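Hi,

Here is the structure I promised to pass on.

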Amino acid sequence: MKQYNTDVAIIGAGSAGLAAAVEVKKGGLNVLILERDRELGGITLQCIHNGFGLHEFKEELTGPEYAQRFINEVKRLDIPFKLNTMVIELTIDKTIYAVNEEEGLIEVKAKAIILAMGCRERTRGAINIPGFRPSGVYTAGQAQRFVNMEGWLPGKTFVILGSGDIGMIMARRLTWEGCKVKAVVEILPYVSGLLRNQVQCLEDYGIPLITSYTITKIHGRDRIKGVTISKVDRNFDRVIGSEKFIECDTLLLSVGLIPENELTLNAGAELSLNNGPVVDNNLETSIEGIFACGNVLQVHDLVDMVTAEAKRAGVNAVEYVKNIYGKDISRDERILCIPGENVNYVKPDFINKEDVGEDIIFTFRVKEPGRRKLIQFKDHENNVIYNRKKIHVIPSEMIELKVNLEKIKINPACGRLEIEVIDRPEVLIEED
Amino acid sequence: MIYDVIIIGGGVTGCTIARTLSKYDLKICLLEKEADIASGTTKANSGVVHAGYSSPREFIKRNLCIRGNALYTQAHKELNFPFKRNGSFVVALEDSQIKDLEEERKFGIEDGIPGLELILDKKKIKEMEPNLTDDVVGVLHAPSAGIVSPYEMTIALAENAAMNGVKFFRNQKVKRINHSESVFTIKTSGGEFEGYNVINAAGLYAAKISKMVGLDYFDIMPRKGEYVLFDRNALNLNKVLFPMATKVSKGILLCPTVHGNTFAGPNAQNLPDKKDISTTLAGLKEVLEGATKLIPKLPVRSSIRNFAGLRAVPTGRYDFIIDNTDIYGFINVAGILSPGLTSCYAIAEKVVDFLELLGAVMKIKEDYNPIRPKPERFTEFTKEELDKKIKEDSKWAKIICRCETVSEREILNSIRAPVGATTVDGVKFRCRPGMGRCQGGFCRPRVIEILSREFNKPYNEVTKRGEDTEFLICKTKDFRLKQCSFEEE
Amino acid sequence: MAECTTDIIAEIRCIVCPTGCIVQVKKDETGELIFEGYTCKRGLEYAQQEFFEPKRILTSTIRVENGLLPLVPIRTDQPILKDKLNDALQLIATTIVKAPITMGDILIKNVVGLDANIIASRDLVEAR
């Protein structure tokens, strides 16, 4: 069995893996990227629409262009990578086992590992849509791969479940290729993705957005013939009698993304509420020397933020290997970060007390949308130690805050930080 | 060519009969309506190998089940399908139910069911099955019960039968059966077949087939059962868990699968429509509610799939119809609902007896080979074995399905095997791509590519499970180029 | 305001920020166009552009001969008139290009007679 030794091994050559690799190389260490697909680039290769790179490059790029910038940098810096290489096991002592056709089974031993495996889409079975199980049911990303990269259209007339950005983007994409999109159906009472996409992907083409509805049956034994949609109430229960039938020959599901942490779990790392690994403020998981970034850690909406997070992971992995830190931090030297009111989850899951003097990047999502909100950090005694106003909050937009806990005079005894998003006290009447 | 035996129906019953008969020097063929074997009821079977205590004592299926259960040991050794004899519990949640369990135990022991025991020690019960509800007061433990992969076993049976000379014809819907002299002429959607003996194992359509030769003494009513399948990381059961049975069905079970998943189901709903395999909101809700009674901590959100199947229930009676009929040479094997899967080997033995009575010459083939080798799996090799395997054949290293870690070699083997896969579902049922967490999200384009290459057809002719189940319509630019029309059908 | 003798000729939802103001375009008695409903300067600019000359960046794919993939993703290098989108898409559909391709290569110059070009969004090597 061929054996490799490197300073930092990176699993995944998507946006996160590539950006992390560049930072590791710039930090002067050896790095090896392992990628299971036949080329570098990851999921943005199939996102041929524009809207990427506004923060990172101050330009508006398409997905492939964004990926190409990093691919070019990786090649310019001569960073070694393996394609068509599937990691089958990750161990707690930072050994990776992978397979590819040229070399067979290989073993990669690294001083640090960066997880950048991305995420998968939520499926029909996971949301339990009743009905037949015909052909013609896809997740939006699956359909996107066929249309944009494999070169095949999955159908002629479509219904799309989920008004997230990928669902809306696909609505436009399919319309541009001559297909008919009958409707985008959304279970929430509001559109899930960006307003810009609602206008430029749906309204521009007269594609109806049907909110507060969900699909309650799939028809057609061999090939899908249509769907029944039903209205839902505030508890997301079906409203009897509200059923409507929409004829279609293809159904696309855009119902959520799940970080892909099978390897992480099997290595023995702790996973947190959001299905990503538990990490500290350095993006280090519960296994020493293993870091995580990008969609495998938390599902991002902007690839620019994936890049920023991946760069941090790369820099931190370099510091770890160069032994600037690397001790096992015990429990009472941590500050746990807890999601409070209207917060779905928070990253990092905890902060090392010895890093309290540094700027910490917090990322979190709200559970419910709203306007004129106040973000608050509360300590272990429920004192508000930090707050920040925000005009708009919506679950589909991740919030990022850079806070220096020492500067806001956090109590050194504090072992718990709660982050909540509440109404501003001066707003007495609920705005619509 | 006139066959000695024509079997109609490629479910577990038909394929077990095919394999059992393949031992003898007979010309045999099997006709299956769908694009693949095991496409009907078999595919949705619970996969439970029952101990046999729950069938009424006056039914023939009781002894066939007990005998069939015992025959699994040998069959498993020879055919190498996934099977585990892990045992089952019937769970009593009230003291008043214990006496019924005790009666079942007594009769079961009398009828030869090995190891059947009543356990009232709650601590012991929870040690054997930690997931079980704390409300349990006692269980009937059947150590001879087990779990099997029903479709993998059926595929193994078919492969071994084919290896031993049985001809399989798929996509053959039987339209008419003529009978003259001693020969049956069967006209199908794909051709014509002649045989001296016909075995009707057509599942949901067995009554229809029987009526084609004028035998109109039973009907088949479909009874739907819905299931929910859970992620393998969410729950691990040791035992098959049954609630106390009702008159209509064995109830909503919780069952581990041989691949480490757990499923809940089936419920039971009579229906007229033999094609309705849809799941329903009410049905799935019923399944999850029933299951939560036995496992209160059921991880409902970790479900990865739901599906349904139809039991072939004979009207008027709940027993098997295994008849050497009045039409000489025509054998009915119908109404094989639970415990049909368990009984299959014993049912096949009965068919052998019938054929002997009908004058078929049952001479054992000299070159009969009962062994169907275990299909090789990436996930079952040690690292050393894997290294060696890949060096001999690099396709072992090309992983197509990342959720279940399935290599291209396994997929090619599943296509090139006798009675091999010709569809995406065929590949899925033989070697698992598409059965994992992402349900085909990443592997489907690659599986379509492989099938397209192997059968030399364009991507848009590759199907999910036969005619009218194509995945792709046309190439990306074809609508605009008018290479593909947009007429509403 | 006095009772309206003005007609609303268009309603434009602004996408510059998440507020999503609805800007109405009206004609007053003198035939002048009035924009109402915006709450910032960027909003007015956006609504004016959308009303007079709505433009979009077009992104799609073009068929490739002898490439590692059958399609290469493309984009217009500047926004083009919205009502020319369909013509552009039709032209793109009939075009076939050859590998190898480098990101930024101009694949169709002055698409449908406009200033914009169709450029490749990525590198694409030849098939092995």
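This is a predicted model: local features need pLDDT of at least 70, side-chain atom pairs count only at pLDDT 80 or more; totals for chains, interfaces and linings use all residues.

Let's begin with chains A and B. Their contact takes 42 residues from chain A and 45 residues from chain B. On the chain A side, the elements that give two or more residues are the strands β6 (86-90), β7 (95-100), β8 (104-115), β9 (119-121) and β11 (152-153), along with the helix α3 (140-150). Of these, α3(A) gives the most, with 5 residues. If you sort that side of chain A by class, you get 17 nonpolar, 13 polar and 12 charged residues.

There is also some strand pairing between these two chains. β11(A) is joined by 2 bridges to strand β23 of chain B (residues 474-475), and the two run antiparallel. To find the spot on your screen, go to Leu153(A), which stands opposite Cys474(B) in β23(B).

Now for chain C. Here 16 residues of chain A are in contact with 19 residues of chain C. The elements of chain A that give two or more residues to this side are α2 (63-76), α3 and α5 (195-202). This time α5(A) gives the most, with 4 residues. By class, the side of chain A that touches chain C has 6 nonpolar, 8 polar and 2 charged residues.

One element to keep an eye on is α3 of chain A: it is listed for the side that touches chain B and also for the side that touches chain C.

Cheers

Definitions and conventions: Residues are numbered from 1 along each chain as its sequence is written. Chains are lettered from A and ligands numbered from 1 in the order in which they are written. Two residues are in contact if their C-beta atoms, placed from the backbone, lie within 7 Å. Ala, Val, Leu, Ile, Met, Phe, Trp, Tyr, Cys and Pro count as nonpolar, Asp, Glu, Lys and Arg as charged, and the others, Gly among them, as polar. Two strands pair if DSSP finds at least two bridges between them.
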